[in-house]
Amino acid sequence: MIRRLALRIASLAIVSIIAIVSANPEQAWADVPYVTYYKDNYNQQYRIQTAYMPAAALGRELFIDDPDNPGQPKHSPLNQPQDLFIDANDDMYIADTGNNRIVHLDAAGRLLRVLEAEDKPLNRPQGVYVHDNGDIYIADTGNNRVLRLNKDGELLKTFVRPESKLIPESFKFDPVKLVVDKRGFLYIATLGGYQGLLQLDPEGEFQGFFGANKTSASFIDSVKRLLYTREMYEREISKLPGSITSVDKDGDGFVYTVTKEVSAGQLKKLNIAGLDQLAGKGEFADTMSDGRYGEFIRQPGVYESEAPQLNDLTVDKDGNITVIDTRLNVVSQYDGNGNLLFFWGGAAGDTTTKLGLVKMPTAIASDSSNQLYILDSENNVVQKYALSEFGKLVHEANGLTQDGRYEESEPLWEEVYRQNAYYAPAVLGLAKAAYKRGDYEEARRLFGDAGWARGYSDSFWQNRLLWFQNNFGFFMNIIIGLLAAGIILRLAARRFGWRLRPRRGEGGRRRSRELGKQLAHALHIARHPLDGFYGIRHEGKGGPAAATIVLALALAAYGFMRARTNFVFNPSVVTEPGIGNALIQFTVIWLGFVVANYLTSSLSQGEGRFRDVYAASAYAMLPFVAVGVPLTVLSGALTLNEASIYYFLQYGLYGWAALLLFWQIQGVQNFSVGEAAKNVLLTVLTLFVIAILIFIAFSLTSELAGFIYSIYQEVAIR
Amino acid sequence: MKQRFASLIATAAAVGVLLLGLVWLINKDAPNEAPAASAPRTAASAGTPVEPGLPNEAGFELAGETGSFRLWADEVTGHFKVESKTSGRIWRSYPEPAYWEEETAGGVWKSNFLSPVMLEYIDASSSKSQTKLTNWMEERGTIEQYERIEGGFRVLFRLPASGFDIPVEVRLAEDYVEVKVIDSGIQEGAFSLLNLKAYPQFGAQPSKDESGYLLLPDGSGSLVRFDANRSNDKSVYREPVYGADLAFYNEVTNRNEIRMPVFGLKSGEQSFLGVMTEGEAYAKLFAAPAGSLGTSNWVSPEWQYRIKFFQNTDRRGTEGFYTFSKERFEAPARSVRYYLLEGEQIGYDAMAARYRQYLVEEKGLERLQAENANIPFYTDLIAADLQQGVLWDDYIVGTTTEEAEELLSTLGQAGISNITAIYHGWQKYGYSSYGGLFPADKRIGGGSGIKELAEAARANGGKLLLAANYSLNNSGRGGFWSLNDGLRNLAGTLQEEKTGTGSGGVPIVSPLYSFREAKEDLASYQTLGVDGVLFTGGIGSALHTDYNNRNRATRAEVQEGQRSVLAETEDALGLVAVEDAGFYSLPAAKHVHRIADDYSYDIFVDEAVPFAQIALHGLATYTLEWGNLRDEYEEEYLRSAEYGAYPAYVFANAPSESFKKAYTVWYYSLDYRDWIDSASEQYKKLNDALGKVQDQFITKHGALAPGVKATTYENGVTVVVNYNDEPFEGDGYDVPARDFAAIDGEGGDET
């Protein structure tokens, strides 16, 4: 939990810094028109080989018999098509929404027939599904019905809004996408149907809602809930769970859904009971994969603020899931457990139409040989993609890993790794194989390379165990030896009257002795904080020079903690190796606290002078040196299993530092506990005010400068 | 009385002074007015307004004649046609009359097709005005001047409504006809000329011949096959020759940049190759497949005179407006030659062969001498880069000079010979630290290390080049200060390249500054004893106009400057290589590194062809993308055999993971130990096929069957490449699945 929080913070931090990858688009001189990436579990993006190559643009040249001029072919392009289905023979069915028809194409994109309803014309059909038995199901959205045709296009059944008191009055039957399972049960995604997929039996009887999304409840919502009346709260339409955008199914009976307006769980893999198989089961479940799907491409210097909006998905024969994103125009592929494999995307110019580039993706499908087809409703074309050599290799290797056949996958992953050393799934695949083999050292190294904390931790645990087992005798000997030596020493001391504690040395120059004393005062503070801080103010103990040294040590220790803590506990080691910013933040906040504290306490009859506040606050940072450094060293020997020890000590460190600061106020200013508490509040408030003032001053000046510059430019140029 | 007289005199004097002043004012204006009045020109007598329509071919006169062609010119419309003496085939500068009836374009486009000159202009006096497209026929233009010159004619087109005078010369010589726009004779009236096309319909053909195609210089060259374009695709091709110019607005098309100023069109049994020979740096190439603009396929240079740019009004450069420069781009002339091909040899391979002949005859390129029986192997070695460190950047060592020596000898032991090593990131702080290259970083061996490496490379029969990017500077070394020495666009904004190295981007260096720096460094290269330099990032490949007052340079001047840097480098060091070179760098550049081998995937383009490679083979060496960074490892290896390209790999001694977080080096598989086996195997295979044709020109290229390509060289060797999963059985030879074979003599039976 803490780890996840830390990761979240770290990932927020890296959004503001620059992406590692310097994919300079101008340099792509012999490539497909998009770039393929992989993103590791620290959200760091790596450029990889193209996984899918553009293969063809289909469905551009559709000709029907000209109704005005029979016998003559007439160009009849697709018009805002919304759905694409590929059947077992690789024939394509396209819901040609703008033309109110379904077109049936062969695998090469040649028109075979146009399907229309016999009774009344289709009205903006948005979904089409072909059952294994050849029956064609059409979501005739504009007519609020679903049609079932046999394979010759004859109408078998019409499904309309089912009658059931379990269906709320407000439910509108606007079917958009649908799948039909082996039994002939229909799972229908409806417009705005937040209740989930509408499940109908072959007779059209209501069977229930399936796979509904959950509402996301934020803090604001709970406040609203507290304050609003029931009517007001219910009017908050946005509080409805997201309605499912599209649905697909695989050969094993899993139903997959994508949902647009949600921040997590965009993609779901539902079993027969409606339980999501992807939630919390991903490879990186303990790190970043927090159930968010749909990737975005980070460009150097560009901050992407828009969230992905998944529109459709397809599951190929190997169970890999590919989703398309209408907003960011990125295609992302995950394996059957929701682990990212690749994602790609690229921008065409406004004036160019390119093979492999989709402007407005509305549907995606895959054929029997795992080729992908993406329907573009702006260019009215189906773009076809075929796996590249690299993509094939990855699929094959990953398939074996997912089945748990780690040893078999190893040579394949080795080849992937040879071709791309940055591709984390390959490193993970090799790491798992090594772990399975019992080569824990290798596994630890590989897991560490891939940055997978759980695996790293587990292999380290094994290693450590082995190490302890091997060295158990040695350690026992040392411990016994030490004990014996101690006892002998003690006996001897008693016998000969030695003094075990050395007398304090009296040599040295006076100044350095003075400084030494002041430094030693830090130890006194550690033992008797209140007394020690009081001493700084009233007994002249501790001075600015010594305090500065302590502060510098604390700063160094803080930097050491940031830079050297095991990545298992501190992901920012990986994402943000630089500590410059952290040190500056530390210094600024500390200085701000000193100034604010001095200001507020001198107003409330505090006795501390500025130098005392400065010195005492510096001494209060002592825990960073005393606990932080050993803790950081220790973290290298801990695994996730001992995370509680680590976090206990870490909290202890911060708690102690906070307490010291509190006592500092009490001791230096000679405050009671109550006064000190009040003073802390005021100090924090002042700190905020100072920060806001500085911020305002800065932004106003730069705005003013910009304003003057632009006026000058406007006058000078126009 | 006296007083009165005095006041009268005073008044008279005042009036006199006023009158004098008035007269002076009038006189002062007069000299200005006089030419303005004559600006609409005295020669209203010369031409009569033209009637839009096809020229009357009966009225053409013979304007020039060579051994095999006749040039016929029309005094009325300024159009011309070229006739082959042997076959009677005709290339027209206007639409094919036989198919003109079928033309479906309407409005101004119809007259655009008929007109010898079409242009775009803008009213610069109003900031709100839009660009307008017009042509000589639409405006009922006149011909002010028509005179015969040697081998052709000169004509002055006047566009009365927009007020432009456009002088054009057409000349027939040997096997080409040349169309030249004379910049010095262009007159503008109230409006500003943006761009013009002269005889845009030269050789244009509707899609009657299914085997016809347009040749575009996209990537290595690509074909737009003639089809009916039944899907109503309106896309056209319009790209600047030699790539974008950062000083101006560049349309985002994400296409490969044009590297060669050529284009072509084949239909029936005739074709032409267009070569822009003068002023091409100020040209865009415009191509319209049938159905996008009219029913014809046509392709034409679009000569640029002004390009819009973004004038920012705030400091960040986000607010502002688009406007045009006041000054016209001036080139001495802008000419395009149409080389006319007919008979059997008319395909893109023949066009490329003609272009090669042009390069040899006009640009002074010479045939390579094969110094070594083995083909060269190029290996780029990454010396070092930076990554973010705890307090300051960490230096990642990829390959020290000693390690490089070992690497080269390991390659040698694996059977790879004739190795040209290219050392990257040897400057202080490595790859991401641009500018002020010398001295080399001590941590990778320093200057002495490079010296030893160069000797070691030569001892093994190879070469050592140093890679140098003079176009970026973020280190400030060499006294570079971006405010003084940085590239500025027309609005005065400093230009930066966005890379991973920092939040702001890396300043781009003023071209003139970079030339000075490159020339000053030559002595240092000589001291190191390296065999040459590989220019990356700018010199030889990118042309940017610079509006930095200290280093002001036009695109043409930058082009000249780059040529002189390359020539001096060749004189000083011997070998000049350029990464993804523009063909203007060719006489000096003897190696083109990582030349494009694919097209830009425009949907109207059908396939990529090795036009650039056919033109280059035997004149300069070239490689395709690095072997270890290919998208498709096997496919692109086969392609390098087809394209006659030598193998190239990018290597480092450090494990591949070392560069995972590097700022610039993103290459995901650098460890040479991972690649040495496959590299040596592929090298040997390629060596067998290409070793004997190193100095041979490619004479023929084509498909034997779907997925089977054949490349024939002068000495009769044909390399047959089979991309299919099934073996290919040729005439007396077999090529295994996904493999290639070199067949001596007339082995390949091409279709």
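I will start with one helix of chain B. In α12(B), the buried residues are B:Tyr672, B:Asp674, B:Trp675, B:Ala679, B:Gln682, B:Tyr683, B:Leu686, B:Asn687, B:Ala689 and B:Leu690. Buried here means that 20 or more other C-beta atoms lie within 10 Å of the residue's own; exposed means 12 or fewer, partly exposed is in between, and C-beta atoms are placed from the backbone. Helices (H or I, at least four residues) and strands (E, at least two) are DSSP runs, numbered from the N terminus.

Before going on, some conventions. This is a predicted model, in which local features need pLDDT of at least 70, side-chain atom pairs count only at pLDDT 80 or more, and totals for chains, interfaces and linings use all residues. Residues are numbered from 1 along each chain as its sequence is written, while chains are lettered from A and ligands numbered from 1 in the order in which they are written.

Now chain A. It has 17 helices and 27 strands, and 42% of its 718 residues count as buried. The domain assignment, which is automatic or from a database, gives domain 1 (1-53 + 243-386), domain 2 (78-213), domain 3 (388-497) and domain 4 (510-701). The centres of domain 2 of chain A and domain 4 of chain A, taken over C-alpha atoms, are 66 Å apart.

UniProt, in an unreviewed entry, has the annotation "domain: Yip1" on residues 525-694 of chain A. UniProt positions are given in the numbering used here, feature names are shortened, and annotations may be inferred rather than shown by experiment. That span is 79% helix and 0% strand, with its end C-alpha atoms 34 Å apart. The unreviewed entry also places "transmembrane region" at several stretches of chain A, including 545-563 and 613-633. Residues 545-563 of chain A are 100% helix, with end C-alpha atoms 27 Å apart. Residues 613-633 of chain A are 90% helix, and there the ends are 31 Å apart.

How much of helix α14 of chain A is buried? The count is 8 of its 10 residues, so the helix, residues 610-619, is largely enclosed by the rest of the structure. Among the buried ones are A:Asp612, A:Tyr614 and A:Tyr619.

Next, where the chains meet. 56 residues of chain A are in contact with 50 residues of chain B, contact meaning that C-beta atoms, placed from the backbone, lie within 7 Å. On the chain A side, α17(A) gives the largest share, 6 residues.

Last, some backbone details in chain B. The peptide bond from B:Phe438 to B:Pro439 is cis, with omega near -5°, and B:Pro439 is in the loop between β26 (419-424) and α6 (446-459). B:Asn418 is not a glycine, yet has a positive phi of about 55°. B:Asn418 counts as buried because it has 22 C-beta neighbours inside 10 Å. B:Tyr601, also not a glycine, has a positive phi of about 60°. B:Tyr601 lies in the loop between β32 (591-593) and β33 (607-608) of chain B.

Key
Contact = placed C-beta atoms within 7 Å.
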